[in-house]
Amino acid sequence: MKITRNILLNPGPATTSDSVKLAQVVPDICPREAEFGSMVDWIQTQLVTFASCDNVTTGDEHNVCVLMGGSGTAAVESVISSVIAPNSALLVVNNGAYATRIIKIAKIYNIPVVEFESPHNSAIDYNKLEQCIITAKKELHSDGIHLSHLAAIHHETTSGILNDSHCLGSLCNAHGIEFILDAMSSYGAMSIDMNKDGIHYLVSSSNKNIQGMAGVGIIICNRQSLETTKDIPKRNLYLNLYEQYEYFLNTKQFRFTPPVQTLYALKQAVDETLAEGIENRYARYQESYRTMRKGMEEMGFCVLVDEKNSSGFITTFFDPQDMKYNFDTMHDFFMKKGFTIYPGKVSKANTFRIANIGQINKDDMLVFLNAMKEYLIEYQIKI
Ligand SMILES: *Cc1c(COP(=O)(O)O)cnc(C)c1O
């Protein structure tokens, strides 16, 4: 079968290999069969190794992976709604739209939430954050509420900024709070060690740097922490994290129908991640990034986040000032050439984003840069 290769430069879902796409074509199977359960068990075990140095062969595992049918947001909602006890509060480090989304989730579940606002294009001020934690703890305490968790985004996909999970984890550790990290668009393409960084819950999904199909949320939990959430009154049914964990542990089945074919694709994507290696994937992404950023800057485009704070996975560019520029026209021009690009998502500036995640490389970026030159000439756009 010949599948047209589209190059997704939007920030997820990412471009996948043909072998991942084709892995979905399997005989029908009931996901309650043991064979399916074993496959899921294997996927979960491997996914843990991408986020820690846990030794899976000796069974020396501090962390456990829970999969949940749904997009990445479902996985984030699962954690936020399941791990914070009554009379406990969440502090959210907010430097972009995905952190704002976590605040929204907490509010819907009536979880007390404290917001620490940080600029969307420069590094978090960790001293200020520490002050915020201390003040919040005191204030909440006088209301009988315990600040138990901090949530942050690792790679804020809206801007391309990479937050420092080690600094965040150290602060959490120093103040006795658990650390929830939305690592949706960093996990799979950079080494993360949950044990070293003191991450209690790490959230990602099947369709970003793991390079699988959309539809499965990935939650990697510190097993001890997860066990302590057993008796928290359930705020929902489908998304309850402990129940999902316990049910799979006991039955090797999902509680509810999982996205069966997406899981076959995820199995293949995990195989391909193991074959490439996280370090090599990181190097491939960085090479694409450097090629793309350099080419764009040579054409005159300006970048929102400086090199030092950039993830190298997604880059936000300011729109050209030219009146003739129009994002939709540019989008359609690129679409015809097989590239999908996406508008910006930062509130205060007109921007667009170029992602370099997924099964793409530097050569694709060179083709993209040529297409950008053609676009600027054809529509006579000055930057
Ligand atoms: C993609 C993404 C999500 C989840 O988005 P979905 O559309 O639900 O998959 C959450 N957080 C971050 C940082 C993301 O990049």
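The following legends describe close-up views of a predicted model.

View 1. Asn163 counts as buried because its relative accessibility is 5% (buried means under 20% relative accessible area, with a 1.4 Å probe and protein chains only). Setting aside residues up to four places away in sequence, Asn163 touches Asn95, Ile124, Tyr126, Ile153, His154 and Leu168 (contact means heavy atoms within 4.5 Å).

**View 2. Polar partners of the Asn163 side chain.** The side chains of Asn163 and Asn95 form a polar contact at 2.9 Å (a pair of N or O atoms within 3.5 Å; within protein, one must be able to donate a hydrogen and the other to accept it, and residues adjacent in sequence count only if both atoms are side-chain atoms). A polar atom of the Asn163 side chain also lies 2.8 Å from the backbone oxygen of Ile153.

**View 3. The shell around the ligand.** Residues around the ligand (a heavy atom within 4 Å) include Ile153, Tyr98, Arg101 and Lys208. Helix H3 (72-83) and helix H4 (97-108) each supply at least two residues of this shell.

**View 4. Polar atoms facing the ligand.** Polar side-chain atoms lie 2.5 Å (Ser71) and 2.4 Å (Thr157) from an oxygen atom of the ligand. An N or O atom in the side chain of Asp182 is 2.7 Å from a ligand nitrogen atom.

Residues are numbered from 1 along each chain as its sequence is written, and side-chain values use heavy atoms, leaving out hydrogens and water. In this predicted model, local features need pLDDT of at least 70 and side-chain atom pairs count only at pLDDT 80 or more, whereas totals for chains, interfaces and linings use all residues.

Key:
Buried < 20%, exposed > 50% of the residue type's maximum accessible area, 1.4 Å probe, protein only. Helix = DSSP H or I, 4+ residues; strand = E, 2+ residues; numbered from the N terminus.
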